[in-house]
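Hi everyone, thanks for coming along. I'd like to walk you through a structure, so let me put it up on the screen.

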Amino acid sequence: MNEQTLVEECKQGNQKAMGDLYDHYAPKMKAICLRYVKHHEEAEDILQEAFIKIFKNINRYQDQKNLTGWIKTIVINTSINMYYKNKNMQMNVDYDAVIGSEKHAATIADQLTLNELYDVINSLPEGYKVVFNLYAIDGYDHKEIGEMLKISESTSRSQYARARKVLMEKLNQLEP
Amino acid sequence: MKDKKFEDILHDRFAEASSQPSEDLKQRILLKQKYGKQRKLYELIAIAASLSIIIVSLLFIFKNNDAQVPAIEANDLRNSDTTDTLSNEAAKMPIAEQKSQLKEKNKLQNINENAPEWVVIDAGATVKEVAMPDGSMVHLNKNSQLQYLKGFKKERLVKLSGEAYFDVVKNKAPFIITTTSFEVTVVGTSFNVIDNPEKAAVYTVSGVVKVEHGEKEVTLKAEEFCTLKNNLLEKISGFDKNKLAWKTRVLAFDQTPLNEVLHSLQVLHGITFENEEYQNCKFTGTFNDKTLEQSITMLEMVTGLAFEKNNGGYQVKGNCR
């Protein structure tokens with residue numbers, strides 16, 4: 001069944017189609033949640049909330065080209081609404097460690113296992129983690145991030161710059 | 001590859017990532033989705049009554065707590081009364097669907113276009129008394145969440161998950177309560193609603209209530225209730241006021257089997273009784289705002305049974321008088 005037919009069936013309330021849509025997207029979406037929250041239980045709470053919203057609003061999905069993007073947006077927004085909104089995103093970690101080379105960090109990022117990468121991301125302070133996830137991995141710009149987290153665009157920028165440094169240092173401390 | 005920034009590498013690595021959710025999650029979601037949709041048909045319209053103050057109690061008991069909006073316990077208690085959240089990203093989605101009912105349509109537009117702000121109140125671990133902007137009072141049961149739309153003038157819109165008891169001040173603006181399952185419109189009367197996966201029921205405390213489900217409707221007078229069974233409305237007389245004990249703190253029994261008495265105490269005080277069968281044991285009496293210990297003492301005196309404390313509850317021993 002192609003994507004468009006699947007969506008149409010879901011709009012009709014077809015349980016089988018909804019199940020298929022879930023089967024297709026849930027594992028990838030859970031992988032996204034796990035970058036925002038550390039534990040599987042929390043990730044699945046988000047997933048549940050998000051899929052209920054997805055099915056509830058599937059009638060409003062009109063853009064026939066980017067279902068993945070639409071679903072992903074709901075999942076990420078749900079993560080943020082559940083865990084980050086209105087939290088103080090400012091993390092002033094004093095920072096004077098030797099960062100090490102960016103190139104080395106890149107090599108390590110390439111060689112670590114995915115599980116290890118999740119651990120690195122989740123070891124970041126929450127404010128850094130969410131901004132880094134949104135900007136570097138999920139592709140939002142700082143203006144959008146500011147709106148999502150209710151912080152200013154410049155705060156998002158500076159948070160990202162710091163997050164990047166901390167992450168780079170963490171990577172450089174690891175040996176794959 | 002060697003020219004890539006480390007965050008680009010991370011981006012690519014995570015793009016491949018997937019993690020299989022636990023097996024029961026799919027069923028939970030589908031069930032909830034189906035259940036929620038079905039209940040949208042289930043609508044209550046209250047007929048105007050002559051009361052100037054109306055009392056409404058709503059019980060929305062979900063079998064799993066997962067229907068609940070996650071608690072905002074991260075905020076400290078001082079602020080939790082007035083934490084503003086703008087809930088749904090549905091606001092960012094195109095409005096395509098035309099709702100047949102004008103009322104519903106207006107509400108949708110209200111929610112989507114004016115980007116209203118919801119004031120969120122979490123009861124946390126205790127029953128909380130909340131004053132609404134119009135002077136209505138709400139008792140919010142433990143672990144329940146209430147949200148109301150800022151402004152609260154033209155339409156009094158309230159969202160509820162969990163359980164609440166409403167003292168609604170009557171005025172021209174309809175008082176509308178929505179849950180994930182369904183919607184209750186209050187004009188002026190008193191009633192009580194229970195809604196969980198096994199049972200959906202409306203209890204009328206006073207006044208007259210019209211309950212609609214699809215094409216069917218029933219009218220309920222004081223102390224009558226109806227249930228939704230196999231998708232059919234069924235009217236029954238007799239209202240168990242003990243169901244409101246979490247708010248009234250009153251439990252009254254009249255020749256009630258002990259098992260039922262213990263069950264009521266269990267629900268009210270959140271404890272457990274390890275009891276054997278006490279089928280023939282009946283109890284008559286009223287616990288009026290009594291602590292658990294006071295209630296137990298009274299039970300012991302009346303029944304002649306012994307209640308021994310064990311971890312988190314009581315063991316019931318002896319023979320009934």
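The largest cavity holds about 40 Å³ of space. Please keep in mind that this is a predicted model. With a threshold of 30 Å³ or more, the count comes to 1 cavity.

So, which residues line it? They are Arg249(B), Val250(B), Leu251(B), Leu265(B), Leu268(B), His269(B), Phe287(B), Asp289(B), Lys290(B) and Ser295(B). If you look at where they come from, strand 18 (250–257) and helix 6 (258–269) of chain B each supply at least two of the lining residues. Helix 6 of chain B gives the largest share, with 3 residues.

Of the 321 residues in chain B, 45% are buried. Among contacts in chain B with a separation of 6 or more, 52% are between residues 24 or more positions apart.

Now for the charged pairs. Side chains of opposite charge can pair when their charged atoms come close. Over all chains, the count here is 13 salt bridges, and I've picked a few for you.

Staying in chain B, Lys309(B) and Glu293(B) form a salt bridge through their side chains, at 3.9 Å from N to O. What does this pair tie together? Lys309(B) sits in strand 21 (residues 306–310) of chain B and Glu293(B) in helix 7 (residues 292–303) of chain B, so the pair ties together parts that are 16 residues apart in sequence. Lys309(B) is exposed, at 62% relative accessible area, while Glu293(B) is partly exposed, at 41%.

An α-helix has 3.6 residues a turn, so residues three or four places apart point the same way. Take Lys11(A) and Glu8(A), whose side chains meet in a salt bridge at 3.9 Å, N to O. Both belong to helix 1 (residues 3–11) of chain A and are 3 residues apart, about one turn of the helix. Is Lys11(A) buried or exposed? Lys11(A) is buried, because its relative accessible area is 18% and the cut-off for buried is under 20%. Glu8(A) is partly exposed, at 34%.

Helix 9 (residues 153–173) of chain A has a pair as well: Arg157(A) and Glu153(A) lie 4 residues apart there, about one turn of the helix. Their side chains meet in a salt bridge at 3.0 Å, N to O. Here Arg157(A) is partly exposed at 46% relative accessible area, and Glu153(A) is partly exposed at 35%. Also in chain A, salt bridges link Arg35(A), Lys72(A) and Asp138(A) in a network.

My last stop is helix 5 (residues 102–111) of chain A, where Ala105(A), Ala106(A), Ile108(A) and Ala109(A) are buried. Viewed down the axis of helix 5 of chain A, its buried residues fall within an arc of 165°, so they line one face of the helix. What covers them? The cover on the buried residues of helix 5 of chain A includes helix 6 (114–122) and helix 9 of chain A, along with helix 1 (6–15) of chain B.

That's my tour, and I'm happy to go back to any part of it.

Definitions and conventions: Residues numbered from 1 in each chain as written. Chains lettered and ligands numbered in written order. Predicted model: local features only at pLDDT ≥ 70, side-chain atom pairs only at ≥ 80, totals over all residues. Heavy atoms only, no water. Salt bridge = Lys/Arg side-chain N within 4 Å of Asp/Glu carboxyl O. Buried < 20%, exposed > 50% of the residue type's maximum accessible area, 1.4 Å probe, protein only. Arc of directions from axis to C-beta. Contact = heavy atoms within 4.5 Å. 1 Å grid on protein atoms, 1.4 Å probe; cavity = no way out; pocket = protein on both sides within 12 Å on 5 of 7 lines; lining within 4 Å. Points joined across faces, edges and corners; volume = space filled by probe spheres on them.
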